[in-house]
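Please look at the structure first, then read the points below.

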Amino acid sequence: MYWKDICSFIQSEHLSLNLNYRAKTSYTSISLSQSFNDRTETYKYTIKTPKEECNGVNQTQIKNPYLSLKICNDWHIDSLNTIGFAFSVPLSYSTTKAPYKHNFSTLRQNDTLFLQSKEERLGKNNLLQHSLNLNFTHIFSARLNQELNIGICYNRHNLFTKQLHRNQSIFFEETQQQLSNITNIGSVNFDFQTDFWRTGKVECGGKWLTTHTNYKSTTNYLSANFKYSENIGALYLIIGKSFKEKWDIMLGVRGEYTHSVGRWEKEDSISKKNYFNLFPSIRLGYTPTKNWTIQRPHYTMLDPSLIYTT
């Protein structure tokens with residue numbers, strides 16, 4: 001016979017604040033949000049056989065506060081130039097607690113206590129991120145929809161985890177683990193577009209993306225340190241043209257170059273990759289005067305029987 005009982009208690013709160021200000025040549029937005037979750041989970045179980053009976057209780061308490069701040073601004077320098085930025089800082093912190101007195105199990109054989117064990121789990125997780133985006137737009141000709149966009153982006157991701165697990169039955173065992181993962185991502189991109197011959201359009205641009213990751217893990221028995229860096233460069237060109245208001249064609253090509261290096265510090269192992277890919281594309285479109293839509297039939301429409309209505 002197997003019997004279990006699960007009980008979960010959740011307590012949470014959420015708070016947010018938004019401020020927006022619009023001036024003659026600028027727009028500013030500030031948002032602040034905060035949340036807190038307190039969750040307790042209790043798991044009880046019983047396993048019975050003709051000669052044995054096992055009873056156990058597992059209770060875990062998880063607390064998770066979260067805070068986020070975001071600031072955005074667009075500034076219209078004049079009718080042809082606009083600059084803007086967005087800055088955000090989300091912060092998350094969580095703790096896990098499962099003490100001895102709420103996590104234990106017993107095993108009885110023929111109504112005699114044979115084995116008793118208990119465990120304790122403690123954990124902490126810290127996640128800190130911040131990102132910054134800068135954008136600049138310049139309009140060369142409003143008549144030709146001719147404009148240039150330049151963007152710069154930076155993102156940092158920092159995760160730290162610490163876990164402690166103790167188990168006591170016949171023997172005492174303790175396991176500790178620390179984990180850190182730091183990732184930095186930066187990119188620069190530009191995009192240019194313009195119309196030509198009334199119904200034609202040209203788009204071109206490029207992007208450079210760089211990523212650096214540092215991963216460290218340490219336990220009682222082993223440790224690992226892995227570093228990874230990746231650089232990606234891409235260029236693209238798209239040419240499109242419409243004919244007689246119903247037909248349109250688009251030709252495009254994108255090239256990507258990737259260079260990556262991964263290294264295991266402990267084993268002094270290095271992995272490198274360099275490659276280039278070319279992605280051509282073509283699209284031919286036709287817009288009819290009337291539009292038809294094809295839908296999947298309903299299951300009742302697949303019934304072969306006849307339906308009589310009066």
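A residue is called buried when its relative accessible area is under 20%, exposed when it is over 50%, and partly exposed in between. The model discussed here is predicted. Its salt bridges number 7, and the points below take up some of them.

**R166 and E120**
- A salt bridge joins the side chains of R166 and E120, with a distance of 2.9 Å from N to O.
- R166 belongs to strand β7 (residues 146–168) and E120 to strand β6 (residues 112–141), so this pair ties together parts that are 46 residues apart in sequence.
- R166 has a relative accessible area of 23% and is therefore partly exposed.
- E120 is buried, because its relative accessible area is 16%, which falls under the 20% cut-off.

**R283 and D248**
- The side chains of R283 and D248 also form a salt bridge, at 3.2 Å from N to O.
- This pair links distant parts of the chain, 35 residues apart: R283 sits in strand β12 (residues 269–286) and D248 in strand β11 (residues 247–264).
- R283 is partly exposed at 46% relative accessible area, whereas D248 counts as buried at 19%.

**E203 and K201**
- In the salt bridge between E203 and K201, the closest N and O atoms are 3.7 Å apart.
- E203 counts as partly exposed, with 25% relative accessibility.
- K201 is partly exposed as well, with a relative accessible area of 34%.

Note on methods:
Residues are numbered from 1 along each chain as its sequence is written. This is a predicted model: local features need pLDDT of at least 70, side-chain atom pairs count only at pLDDT 80 or more; totals for chains, interfaces and linings use all residues. Side-chain values use heavy atoms; hydrogens and water are left out. A salt bridge is a side-chain nitrogen of Lys or Arg within 4 Å of a carboxyl oxygen of Asp or Glu. Helices (H or I, at least four residues) and strands (E, at least two) are DSSP runs, numbered from the N terminus. Buried means under 20% relative accessible area, exposed over 50%, partly exposed in between (1.4 Å probe, protein chains only).
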